[in-house]
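Here is a short briefing on one predicted model. Look over the chain below, then read the points by topic.

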Amino acid sequence: ANTKAKVDDDLLDDMIDVDGDGVADMTAKEAREIKVQEGKDKIAAREREFQERQAHIDDIKKNTKAKVDDDLLDDMIDVDGDGQADMTAKEAREIKAQEGRDKV
């Protein structure tokens with residue numbers, strides 16, 4: 001009638017050797033709490049890193065100018081073949097259009 005349980009159901013109070021020196025360093029509960037905190041710290045660090053990267057990407061998007069030149073008429077062109085830009089494409093088109101009208 002005075003029999004004590006032979007099974008240890010509470011594993012968290014067991015002493016464990018963390019650093020491998022053969023001496024118990026802390027309870028399983030303490031070791032588990034340390035691991036939980038390390039996990040939370042790692043998640044928080046990743047979240048901070050993500051936010052920093054996102055802020056950097058947002059800054060790039062905000063401050064980047066278009067890399068495509070959609071307005072071709074403002075480009076300088078070499079008309080006489082001397083290697084020097086003589087006028088804009090728009091000016092050259094206007095001259096060609098006027099020459100076409102003069103022929104008629």
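A salt bridge here is a side-chain nitrogen of Lys or Arg within 4 Å of a carboxyl oxygen of Asp or Glu. By this rule the count comes to 1 salt bridge. The model is predicted: local features need pLDDT of at least 70, side-chain atom pairs count only at pLDDT 80 or more, and totals for chains, interfaces and linings use all residues. Residues are numbered from 1 along each chain as its sequence is written, and side-chain values use heavy atoms, with hydrogens and water left out.

**The salt bridge**

- Which side chains meet in the salt bridge? They are those of Glu49 and Arg53, at 2.8 Å from N to O.
- Both residues sit in helix H1 (residues 28-63), 4 residues apart, so about one helical turn separates Glu49 and Arg53.
- Helices (H or I, at least four residues) and strands (E, at least two) are DSSP runs, numbered from the N terminus.
- Glu49 is partly exposed, at a relative accessible area of 38%.
- Arg53 is exposed, at 55% relative accessible area.
- The classes are: buried under 20% relative accessible area, exposed over 50%, partly exposed in between (1.4 Å probe, protein chains only).
- Areas come from the Shrake-Rupley method with a 1.4 Å probe, and for residues only the protein chains shown count as cover.

**The negative patch**

- Asp17, Asp19, Asp21 and Asp25 form a negative surface patch.
- Patches take residues with over 30% relative accessible area and no salt bridge; like charges are joined within 9 Å, nonpolar side chains (Val, Leu, Ile, Met, Phe, Trp, Tyr) within 5 Å.
- Lys and Arg count as positive, Asp and Glu as negative; His and the chain ends are not counted.
- The charge is placed at NZ of Lys, CZ of Arg, CG of Asp or CD of Glu.
- Asp17 lies in the loop between strand S1 (15-16) and strand S2 (26-27).
- Asp17 is partly exposed, with 33% relative accessible area.

- Thr27 belongs to strand S2. Is Thr27 buried or exposed? Thr27 is buried, at a relative accessible area of 17%.
- Leaving out residues up to four places away in sequence, Thr27 touches Leu12, Asp13, Asp14, Met15 and Ile16. Contact means heavy atoms within 4.5 Å.
- Thr88 is in strand S4 (residues 87-88). Thr88 is buried, with a relative accessible area of 19%.
- Beyond its neighbours within four places in sequence, Thr88 is in contact with Leu73, Asp74, Asp75, Met76 and Ile77.

**Loop aspartates and C-alpha separations**

- Asp71 lies in the loop between H1 and strand S3 (76-77). Asp71 counts as partly exposed, at 40% relative accessibility.
- Asp78 sits in the loop between S3 and S4. Asp78 is partly exposed, at 34% relative accessibility.
- Asp78 and Ala31 are 47 residues apart along the chain, and 77 Å separates their C-alpha atoms.
- Not counting residues up to four places away in sequence, Asp78 touches Gly83, Gln84, Ala85 and Asp86.
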